[in-house]
Amino acid sequence: MTILLQLLVLLFIGPIAIGLIRTIGARLQGRRGASLLQPYRHFRQLWQKETIEPTGASVIFRFAPYVLLGTSLTIGAAGPFLATSDGLSSSSDLFVVVGLLFVGNIAMALAGLDLGTSFGGMGASRELTVSSLVEPTLLVSIFALSIPARSSSLDIICRTSLLNPQRLLTPADLLALGAFLVVVIAETKRLPVDNPSTHLELTMIHEAMLLEYSGPRLAIVEWASDLRLALLLGLIANLFFPLGIINHGVTAGHLAIAILALTAKVLLLAALIALAETALIKIRLLRVPELLSGSFILAFLSIMISFFVAGH
């Protein structure tokens, strides 16, 4: 029951977070902007359209959106988003979560290469380049949190943070948080790594792989991408600020508090992303590895400090 409720909450707040980022961005630029529910209207329009399959598309192109959605739903079911010790959350291992994110990225990159188009190949190449730098940094930054917990289970890491809240202000955790924020922005294709609102050839990364999709398949890809944003923001919220998450005994009252806390934290982080994007511009593609390398160094320093503190 908790797993189903957790998935429904994440599926709901993912598009809302995207709508909030667009609305805040529009207001800060002096425009009214669309409603927070506009992503849902867009999904409905796409779902009512016909699926047009490009010539030469193979089974890879057809099933890649379902792989992306399936891996995201698995993380949503297994991660500690509402409770730390219920159902699949006890199996939410750090390496499994990062592996599932990578499988989803690989599926979409193969779909981009499947048709042999120049845009698809370009997007797949750029996606894999960014992903090869993002996943190790994501792994290392969460690994820094796993040292005090003595476990790679996200469930146990979250419980350790709940029992020792003062640990969240240590230099090691602050460095890990900085590295995690950078890789979340890169993984979700937001500024300054990628600009999801543009279709210019020189700047596209993720969008270049989606140009041949239409109808319900495009709706699935976009909803899965929104779900990934909610998952990663939810992980930041619960690994670094686990306020509101259920630790023992799931009741209706505790679930209501956990849902409200998760929704508030994810939307707050989405609002901060919108504020940051108004002050940032997209950096050149060749500068992206430098940014991600910097975040990897932050995560590595966090591990070294954690080992040093643990040794004393």
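**Patch and pocket**

Mentor: Helix 3 (59-78) and helix 4 each give at least two residues to the nonpolar patch, and please keep in mind throughout that this is a predicted model.

Trainee: Okay, which helix gives the most to the nonpolar patch?

Mentor: That is helix 3, which contributes five residues.

Trainee: And which residues make the patch?

Mentor: The nonpolar surface patch is made by Val-59, Ile-60, Phe-63, Tyr-66, Val-67, Val-103, Leu-110 and Leu-113, and together they cover about 690 Å².

Trainee: Where does Val-67 sit?

Mentor: Val-67 has its place in helix 3, and because its relative accessible area is 32%, Val-67 counts as partly exposed.

Trainee: Switching topic, how much space lies in the largest pocket?

Mentor: The largest pocket holds about 1,100 Å³ of space, and among the 45 residues that line this pocket, the closest to its centre are Ile-18, Arg-22, Arg-190, Pro-196 and Ser-197.

Trainee: Which elements give two or more residues to that lining?

Mentor: Those elements are helix 1 (2-28), helix 2 (38-48), helix 4 (94-114), helix 8 (215-240) and helix 9 (252-278), and the largest share of the lining, seven residues, comes from helix 1.

Notes: Residues numbered from 1 in each chain as written. Predicted model: local features only at pLDDT ≥ 70, side-chain atom pairs only at ≥ 80, totals over all residues. Heavy atoms only, no water. 1 Å grid on protein atoms, 1.4 Å probe; cavity = no way out; pocket = protein on both sides within 12 Å on 5 of 7 lines; lining within 4 Å. Points joined across faces, edges and corners; volume = space filled by probe spheres on them. Helix = DSSP H or I, 4+ residues; strand = E, 2+ residues; numbered from the N terminus. Patch = residues over 30% accessible without salt bridge, like charges linked within 9 Å, V, L, I, M, F, W, Y side chains within 5 Å. Areas by Shrake-Rupley, 256 points an atom, 1.4 Å probe, with all protein chains shown as cover. Salt bridge = Lys/Arg side-chain N within 4 Å of Asp/Glu carboxyl O. Buried < 20%, exposed > 50% of the residue type's maximum accessible area, 1.4 Å probe, protein only.
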